[in-house]
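Dear colleague,

My notes on it follow, grouped by topic.

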Amino acid sequence: MLNRSLTQNWLSPSAITDFGTQAPSDWFRPVQRPRSMSDIIEAPLLPVRDTVLFPHMVSPLFVGRDRSVKAIEAAQLNHESMIVVAQRDPENEDPQPEDFYRMGTEVLIGRALRMPDGTTSVLAQGQRRAEILDFAQTEPYYRVRVRLIDDPLAKPASTEALMRAVLALFEKVIQFNRALPEDAYVYAMNVAEPGWLADLVASTIEMDVFTRQELLELLDPNSRLQRLSILLAKELDVLELEDQIHNRVQREVDRGQREFYLREQMKAIQTELGEGDPVARDIAELREKLTAKDLPQEVQAKADKELERLGQMPPQSPETGIIRTYLDWLIDLPWNELSPDNLDVTHAAQVLDAQHYGLPKAKERILEYIAVRKLAANEMRSPILCFVGPPGTGKTSLGKSIAAALGRKFVRVSLGGIRDEAEIRGHRRTYIGAMPGRVIQTMRRAETVNPLFMLDEIDKIGNDFRGDPSAALLEALDPEQNNAFSDHYLEVPYDLSKVLFVTTANTLEPIPPALRDRMEVIEFSGYIEEEKVAIANQFLIPKQLKEHGLKPDQLHIGDAALRGIIREYTFEAGVRNLDRELANIARKTARKVAENQRYARAVTAATLDKYLGPPRYTFGLAEEQDEIGIATGVAYTEAGGDILPIEVTLLDGKGNLMLTGQLGEVMQESIQAALSYTRSRAKQFKINLDNFEKTDIHVHVPEGGIPKDGPSAGITVATALISAFTQRPVRREVGMTGEITLRGRVLPIGGLKEKVMAAHRAGLKTMIIPKKNQRDMVEIPKKVLSDLNFVLVDHMDEVIEHALRPVVKRKRRTSKKPVARIKKQVAGSKTGKL
């Protein structure tokens, strides 16, 4: 049981009288105290917790522990006063002497009452402060020796000022704190002693036990009043803030009640005028729309339930707007609205050819889909196509052409940079401002259930702590599941099975395998020069003339000029930059036409620098001449492909290998494998093994700001290493790609088509590729196959045979002097001086 006080910390005389049936004089009996020990006495100890009793204050105490009850009985039997002291830990059921504070209060104990819960209630009246000196007895109850301390009665001017300040603050606290009785301030005004006033105010306001004990231990009334004024000021700040909050809340409540009253009056007036309730009118309108919508059964049941909830809610409820928005989404979404498909295969082929040049694989796949739809419309599921290729190759525009050929609506969503899974599936309606995901939003914009839905840049999706959007797309792009797509906002299944999904990407590597498995990949390779010229003549030039208000006779760009732009001003797999440069020429021509200036209507290769400035790229061989230690490789990039020259330099040193050019781990391992192969065949290549121990090898791949990785540069690095050690130049017109093993075998690589296109664009004449990649050559355009000489190899020995020039053998002369000079030159070449 706990010893706790009542919520009242002080009791007026009337309250004491109301405590029992007898007068206060019958409650408190006089204390018999020895005359010689008026300051130091011995008395029973009554420990309490969660409270501090101040002198002059009257408070009821509830006692439940046996030791405390025996102490009270002994005090009443011997007509003694008691010492009330707070214990440091209120949860301690059996406190020891060290668990009590050393400063307590001498109290007189009134008559005890037994309570129904088994505790004893006593009325205690504080007398004086009491400092515990030691414990005289611990069983069966605590008895202590204490020194009684009286407050000084002197009241100088400073004390009077402190008393007035405390009273002024106490008055304000009483005004703001509705829990305190007003007569507490009246009682405080009639207290003349400073110590008594401080104790009265301290026992009245709300404080924790530690702060009360701190005030009890302050023996100087002035210090006590100063400390109390600080506590009152803090309490007043809190009470003022609470009062402001209470007033603001009360104003809001009053405004709400006023609005409710006015709305009820408006309802009554509208009813009298025959206009009816606007809320009921809106609900009836929603019900009519839902009935006319012909929703699926599950969706109709959900809509009816939400409509019933809306009718039961007051108009001013925040939930009303949320439900109304949800119902609007259900009404605006297409559920059964189908647009008729144009299944004429010939018409589709004409549309695709008229708007796009080349792209035979993609066009063939679309025509096959249209043909099957024509023969078995209800049996075939819509395919999930993925167009993969470099930027500017027509992936997005082909999607628009497919929609036009089929007669379907075209909608597009860009997924680049999306990191939140809720962007796909939407937010749950529990969140403020919740909305459906991108898929449902786009379907609402399409207004049909069978649009051509393009998901652009699917390889640019990211993920973080908010989820993985690519995982949320698995359901939408799975023909087995997308007939019941789940959006967090709708909470009802939505049928996406009739949608023709087309996704676009630059590379497949960033796409998760599970998502890649659900899509049919169609690769878009880069255009060769002839294709770019045809695209420019057929599409780009007429478009730029129309956009710039020019007539065909006002600007003519010949094929030679187009080739000059492609070779010297663009370096890309697509035609986006080519279109940009043509627009640049058209703008300059349009200005001259607008200013009525004379100009050359025909743009030739010689006049390109007047329109576009100096050439930005050099077209031709990767290297201008055969070099030692420099081999030309090719790499697959997002732009389609690029040449990758690899440089090897030998330096005097201790056999260290230095790699620069921002190389990835796989490429570094490939270089180490090439070096190991070179060392293992040193005898065959007539390389002194001691050179590897005395030479530092520096392998560098230019354009160090671009990260590079992959194993396909293995034979290129080996060729450059062997060239550097044997001093045999590498043929400048030869490009190569292939992975090398420690035994010199050449393994197949990926991205062959893009790499070959890059070699052709760079002007190389011979291409060395792994023999196992011969099956991939069917994808290479015939023009490129005829222009390049392909060498298929299985082993590094074949690469060396076709890539390196033979060692130049000098003829011996009969004259001794020339022979000596030749020997000197050979020696110089071995030391790297020649």
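**Packing around helix H20**

The buried residues of helix H20 pack against helix H19 (529-547), strand E16 (556-557), helix H21 (576-594), strand E17 (602-603) and helix H22. Helix H20 itself spans residues 559-568, and its buried residues are Ala561, Leu562, Gly564, Ile565 and Ile566. Please bear in mind throughout that this is a predicted model.

In soluble globular proteins, nonpolar side chains tend to be buried together. The largest nonpolar core in this model holds 64 residues, and the members touching the most other members are Leu45, Met82, Val146, Phe170, Leu228 and Leu232. Helix H4 (residues 157-176) gives the most to this core, contributing eight residues.

Once neighbours within four places in sequence are set aside, Leu228 is in contact with Val166, Ala198, Val201, Ala202, Ile205 and Leu215.

**Thr105 and its surroundings**

Thr105 is found in strand E5 (residues 103-109). With a relative accessibility of 0%, Thr105 counts as buried, since the limit for that class is under 20%. The Thr105 side chain reaches the backbone oxygen of Leu53 at 2.5 Å. Leaving out residues up to four places away in sequence, Thr105 touches Leu53, Phe54, Pro55, Met82, Ile83, Val84, Gly126, Gln127, Arg128, Ala130 and Leu216. Met82, in this list of contacts, is also one of the residues that touch the most other members of the largest nonpolar core.

**A nonpolar patch on the surface**

Leu241, Ile245, Val249 and Val253 form a nonpolar patch on the surface, and together they have about 330 Å² of accessible area. Val249 is found in helix H8 (residues 221-273). Val249 counts as partly exposed because its relative accessibility is 48%.

**Salt bridges**

Side chains of opposite charge can pair when their charged atoms come close. The count for this model comes to 48 salt bridges, taking a nitrogen-to-oxygen limit of 4 Å.

Asp626 forms a salt bridge with Arg805, with the closest N and O atoms 2.7 Å apart. Asp626 lies in the loop between helix H22 (608-612) and strand E18 (630-635), while Arg805 lies in the loop between helix H28 (796-803) and helix H29 (816-830), so the pair ties together parts that are 179 residues apart in sequence. Asp626 counts as partly exposed at 23% relative accessibility, and Arg805 counts as partly exposed at 27%.

Arg681 forms a salt bridge with Asp797, and here the closest N and O atoms are 3.6 Å apart. This pair also links distant parts of the chain: Arg681 is in the loop between helix H23 (665-680) and helix H24 (690-694), Asp797 is in helix H28, and 116 residues separate them. Arg681 is partly exposed, with a relative accessible area of 22%, and Asp797 is partly exposed, with 31%.

Salt bridges that share partners join Lys302, Glu306, Arg309, Glu319, Arg429 and Glu491 into one network.

The side chains of Lys460 and Asp459 also meet in a salt bridge, at 3.1 Å from N to O. Lys460 counts as partly exposed at 32% relative accessibility, whereas Asp459 is buried, with a relative accessible area of 7%.

**Backbone geometry**

Most residues other than glycine have a negative phi, and most peptide bonds are trans.

- A cis peptide bond joins Glu139 and Pro140, with omega about 0 degrees. Pro140 is found in the loop between strand E7 (120-137) and strand E8 (143-149).
- Asp294, although not a glycine, has a positive phi of about 55 degrees. Asp294 is found in the loop between helix H9 (278-293) and helix H10 (297-312), and is exposed, with a relative accessible area of 53%.
- Leu359 likewise has a positive phi of about 55 degrees and is not a glycine. Leu359 is placed in the loop between helix H12 (345-355) and helix H13 (360-375). Leu359 is buried, with a relative accessible area of 11%.

Yours sincerely

Note on methods:
Residues numbered from 1 in each chain as written. Predicted model: local features only at pLDDT ≥ 70, side-chain atom pairs only at ≥ 80, totals over all residues. Heavy atoms only, no water. Patch = residues over 30% accessible without salt bridge, like charges linked within 9 Å, V, L, I, M, F, W, Y side chains within 5 Å. Areas by Shrake-Rupley, 256 points an atom, 1.4 Å probe, with all protein chains shown as cover. Helix = DSSP H or I, 4+ residues; strand = E, 2+ residues; numbered from the N terminus. Buried < 20%, exposed > 50% of the residue type's maximum accessible area, 1.4 Å probe, protein only. Polar contact = N/O pair within 3.5 Å; in protein donor to acceptor, adjacent residues only side chain to side chain. Contact = heavy atoms within 4.5 Å. Core = buried A, V, L, I, M, F, W, Y, C linked by side-chain atoms within 4.5 Å.
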